Amino acid sequence: MRRNALRVADRGWGTHRTVTAAVRAAGEGAVIHVQPGDYRESVVLDRDITLIAEKGPGTVRVVAAHGPAFTVRGGACELRDLTVEGTGDRGPAVLVRGGRAVLEHCAVSGGRVEIGRGTAELRTCTVEDAEGSGVLVTGTAHVVVEDCVIRSTAGHGLTLSDAARAEVRHTAVERATGCGIVLTGESQGTFDACTVRHVGDAGLLAQTRSRPLLRDCRLHDVRTQGVRVDGGATATATATADASAAAAGENAAAAGRGAPRTRLETCEIFRTGSEGVLAGDAARLQMDDCQIRETGGAGVIAAGTGRVELDRVRVVDVPGTGLAVVEDAELRVHGGTVARTGANGVHATDRSSVRLTTCEISTTAYTAVHITGTVRSELRSCTVRDSAQHAVRVEGAADFTAEDTRIERARMTGVDVKDADAVLRTLVVADTETGIRLDSRHRPLLADCEVLRSTGSGVEIAAGTGALLVGGRIEGSGSAGIFLDERSEAWIEDLTVSDAKGSGLVIWAGARPRVRSVTIKGAAKNGVYAGDGCQGLLEDCTISATGYPAVYVGSKASPLLRRCLVHDTDEDLSRADDAAARFEQCRTSGVTDSTLPTADEDDGTRPVRAAGTAGATAALPATAALPATGPSTAVAVQEGTSEDRLPELLAELGDLVGLESVKREVESMAKLMQLVKRRQEAGLQPPPLSRHLVFAGNPGTGKTTVARLYGRLLAALGLLTDGHLVEADRGALVGEYVGHTAPRTTAVFKRALGGVLFIDEAYSLVPAGQSTDFGQEAISTLVKLMEDHRDDVVVIAAGYPEDMERLIDSNPGLASRFTRTLRFDDYSSQDLVRIVEHQAARHEYRIGDDTAAALLDHFGSVPRTERFGNGRTARQVFQQMTEQHALRVADLSDPDADDLTVLLPVDVPAAVS
């Protein structure tokens with residue numbers, strides 16, 4: 001054998017019996033070939049040496065006798081194809097203290113790989129069953145890790161500390177009890193195409209002075225965060241800064257606004273136990289083209305003085321808030337997507353700031369963008385759609401700017417500003433309940449905005465609020481185009497209001513607007529409704545094609561109309577006898593019945609008719625609560641309220657399948673309430689009565705259907721203004737964070753004013769065995785609202801019979817308000833057959849006697865377990881029958897009318913055990 005080649009074996013001529021002996025005998029640059037076997041020794045390497053398992057990986061096992069199995073102190077040392085085991089005493093199995101170490105195709109277990117000085121390379125290696133850390137790089141050491149697996153570590157997977165540096169490629173870290181990757185001190189690491197999975201803490205933990213860069217990495221199935229960046233201690237989203245405000249400001253200034261220290265590019269973070277990303281105090285994080293999904297909490301939280309920049313990042317399918325910014329943190333998002341969140345899309349609070357540019361936020365269970373505190377926030381060139389609450393809600397002392405943004409399909413308000421200041425430019429708000437609502441001591445600005453097809457008011461200016469509306473249009477609102485509440489002082493210019501289902505512009509008592517160059521056309525009611533006691537100036541306005549008189553002026557109202565044009569409508573003016581409106585240089589054209597003083601007449605001296613019903617009808621804002629003054633108030637404002645519909649509704653109730661006891665109860669209550677109304681009209685005291693009900697029954701027994709009919713009955717009696725049904729459950733009422741539940745419950749309750757609030761599975765507000773759940777707050781809020789609006793709403797709590805008793809017993813206020821329980825029995829087999837027959841008739845199918853008999857046998861054989869759906873089961877059976885019928889008829893070459901419409905016994909599905 002050549003002088004620089006040595007051999008290690010337990011027998012044979014010219015060999016060394018131990019690796020240590022061979023190393024001692026080796027010269028510089030020697031190659032030592034180790035024969036298969038187990039070698040219990042601790043080897044020190046201090047010169048250029050290569051150790052090779054001659055028969056390949058898995059044949060040579062070096063077990064540490066004491067301390068590390070291999071210690072590298074100098075030189076260039078290479079270990080190939082070796083299995084290395086530590087002593088299991090929490091120490092390293094391989095220790096690099098200097099020089100350069102290369103491990104190729106090695107398997108290290110029972111101890112970590114530790115690099116304290118020098119450099120090291122691990123290629124196609126496994127490191128497992130270590131304690132503390134699988135691979136630990138400290139000091140000024142530099143390591144390259146490529147195509148490796150670090151797993152089953154009692155601690156972190158890979159740790160960089162001090163000023164260490166690492167280049168890690170195509171490496172997996174898995175089943176660590178701590179974090180997957182940790183960087184502390186001023187360490188730096190580049191991680192390409194790596195995977196971190198099944199770890200007991202964060203996928204990546206980076207302290208704020210470290211500089212990790214992750215590219216094309218996947219972090220998933222981690223117990224806490226996918227990525228956590230903080231100042232050295234574990235950060236939480238709700239933690240209060242330990243330092244004073246002044247100290248926090250100094251820390252933020254010292255950190256600066258330079259380049260981010262932590263970067264992720266084209267990475268995926270999913271299936272985390274808590275947040276996807278948590279950036280804590282002094283963090284500087286940037287993410288480009290990444291995806292965060294299926295987290296256990298929020299998608300991204302920026303807290304403390306952290307600064308987060310997201311470029312083309314998708315946050316989807318998270319049970320909490322998509323992006324949360326708290327304390328003094330900053331969030332900048334460009335080209336991002338937030339979708340399908342279980343709470344807010346974006347939530348910013350405290351003293352934080354947030355800027356969203358060209359983002360899409362959609363399908364959120366709470367408000368899509370919720371801004372509160374003293375937050376400075378911007379929304380530019382974004383799309384916000386399909387929010388279960390508001391699209392944008394800005395409150396507190398926040399400062400909000402939105403430009404070139406489209407908002408669609410919010411179930412509540414498109415933009416709701418409460419107390420905050422806002423600048424809204426070139427927004428399009430479409431298909432929301434209320435388009436834009438402003439309630440602030442500041443003077444918010446709306447410039448060139450479009451509000452389309454709101455089901456309520458297009459724009460609402462709340463009581464005492466000043467606002468500036470310049471340009472834009474409001475089209476197709478379900479009630480008023482613009483509603484100016486009491487004492488408001490809006491300035492409105494160059495705006496078009498068209499096709500409002502209510503009045504175009506409503507000016508409420510005490511309001512003093514300045515309206516210039518506004519066009520109002522196609523309003524179903526008045527073009528301008530000037531309510532009792534209002535004031536203001538309307539100048540150079542045009543009103544046309546209104547359903548009621550173009551202008552209505554209420555009692556003691558004194559608006560000034562100057563140079564206004566009314567054209568192409570039946571009537572131009574109706575006003576109260578004591579109205580004090582003034583008209584200067586106004587004109588009419590194409591008006592059938594004109595009484596408006598024009599430029600050619602003495603101003604205000606012509607006799608003008610008093611307001612009739614048509615002239616005095618304005619559109620209330622959709623969210624306005626009716627005063628709690630009893631049923632007579634409801635009768636006064638309800639259009640078309642009449643007891644004539646009562647027999648029709650009771651007949652509709654009687655046509656329902658089954659539910660005989662429920663129908664008797666509802667009919668009895670309807671008669672009782674009819675008596676209540678007549679006693680009130682006669683000036684007599686009504687008997688004590690609670691309209692709120694408990695519906696106890698299993699799923700599919702018609703509870704929602706009866707609730708909807710109950711509301712319509714009360715509306716027909718004049719005891720509710722509308723009688724509409726608003727459905728809610730625990731998810732709609734209970735918030736995610738402290739302080740969210742009461743506003744959330746109140747918002748849902750207000751939507752039900754004038755109708756019925758139907759709370760399905762209401763018992764879930766009081767989970768069994770939990771006394772501190774937010775559901776109790778929802779119940780307390782409901783009890784107070786039910787008292788404050790006792791005549792404006794009916795609440796129906798529904799659910800399983802045994803669970804509803806627990807709910808009612810949980811709060812004395814519930815027990816006193818829900819004094820009547822209607823029990824919905826399961827449907828009999830005969831009832832289910834009738835439901836299928838109703839479904840068939842509705843969809844133009846026919847069921848003969850033999851098919852009905854087969855259905856009866858089928859329903860008799862279906863197990864009545866907790867999964868049984870009653871009416872839902874019947875509808876599913878009908879669907880299955882139509883599918884089977886389609887398959888059967890598809891094979892007929894020339895089917896006749898009976899073939900296409902008659903369902904046969906063979907179409908009835910077999911019962912499922």
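Mentor: Axes here are lines fitted to C-alpha atoms, for helices over the stretch in contact, and angles run from 0 to 180 degrees between N-to-C directions. Keep in mind that this is a predicted model. With that in hand, the axes of helix 8 (residues 741–751) and helix 9 come within 9 Å and cross at roughly 45°.

Trainee: Which residues of helix 8 and helix 9 meet?

Mentor: From helix 8 you have Thr741, Ala742, Thr745, Thr746 and Phe749, and they meet Glu777, Ala778, Thr781, Leu782, Leu785 and Met786 of helix 9. By class, this contact splits into six nonpolar, four polar and one charged.

Trainee: Helix 9 comes up again at the largest cavity. What makes that space a cavity and not a pocket?

Mentor: In a cavity a 1.4 Å probe fits but cannot get out, whereas a pocket is an open set. The largest cavity has a volume of about 80 Å³, and the count of cavities of 30 Å³ or more comes to seven.

Trainee: What lines the largest cavity?

Mentor: The lining is made of Ile759, Ala762, Leu765, Ile779, Leu782, Met786, Val795, Ala797, Leu807, Ile808, Leu814 and Phe818. Helix 9 (775–788), strand 74 (794–799) and helix 10 (801–809) each give two or more of these residues, with helix 9 holding the largest share at three.

Trainee: How do you know what class that lining belongs to?

Mentor: Ala, Val, Leu, Ile, Met and Phe are among the residues that count as nonpolar. The tally for the largest cavity is 12 nonpolar, no polar and no charged residues.

Trainee: Now helix 12 and helix 13. Why is their crossing described as oblique?

Mentor: The axes of helix 12 and helix 13 (residues 849–861) come within 9 Å and cross at roughly 130°. Over 145 would be roughly antiparallel and 65 to 115 roughly perpendicular; helix 12 and helix 13 are therefore oblique to each other. The crossing is right-handed. Helix 12 brings Ser829, Gln830, Leu832, Val833, Val836 and Glu837 to the contact, and helix 13 brings Ala852, Leu855, Leu856, Phe859 and Gly860. That contact has seven nonpolar, three polar and one charged residues.

Trainee: What about helix 13 and helix 14: how do their axes cross?

Mentor: Their axes come within 12 Å and cross at roughly 130°, which makes helix 13 oblique to helix 14. This crossing is right-handed. Thr851, Leu855, His858 and Phe859 of helix 13 meet Thr873, Ala874, Val877 and Met881 of helix 14, giving five nonpolar, three polar and no charged residues.

Trainee: Which elements supply the lining of the second largest pocket?

Mentor: Helix 6 (703–716), strand 72 (725–728), helix 12 (829–842) and helix 14 (871–890) each supply at least two residues, and helix 12 gives the most, with four. The pocket holds about 760 Å³ of space. Of its 30 lining residues, Gly700, Thr701, Gly702, Thr705 and Arg875 lie nearest the centre.

Trainee: How does that lining divide by class?

Mentor: The second largest pocket has 10 nonpolar, 11 polar and nine charged residues in its lining.

Key:
Residues numbered from 1 in each chain as written. Predicted model: local features only at pLDDT ≥ 70, side-chain atom pairs only at ≥ 80, totals over all residues. Heavy atoms only, no water. 1 Å grid on protein atoms, 1.4 Å probe; cavity = no way out; pocket = protein on both sides within 12 Å on 5 of 7 lines; lining within 4 Å. Points joined across faces, edges and corners; volume = space filled by probe spheres on them. Parallel < 35°, antiparallel > 145°, perpendicular 65-115°, else oblique. Left-handed = near helix turned anticlockwise from the far one by under 90°. Contact = heavy atoms within 4.5 Å.
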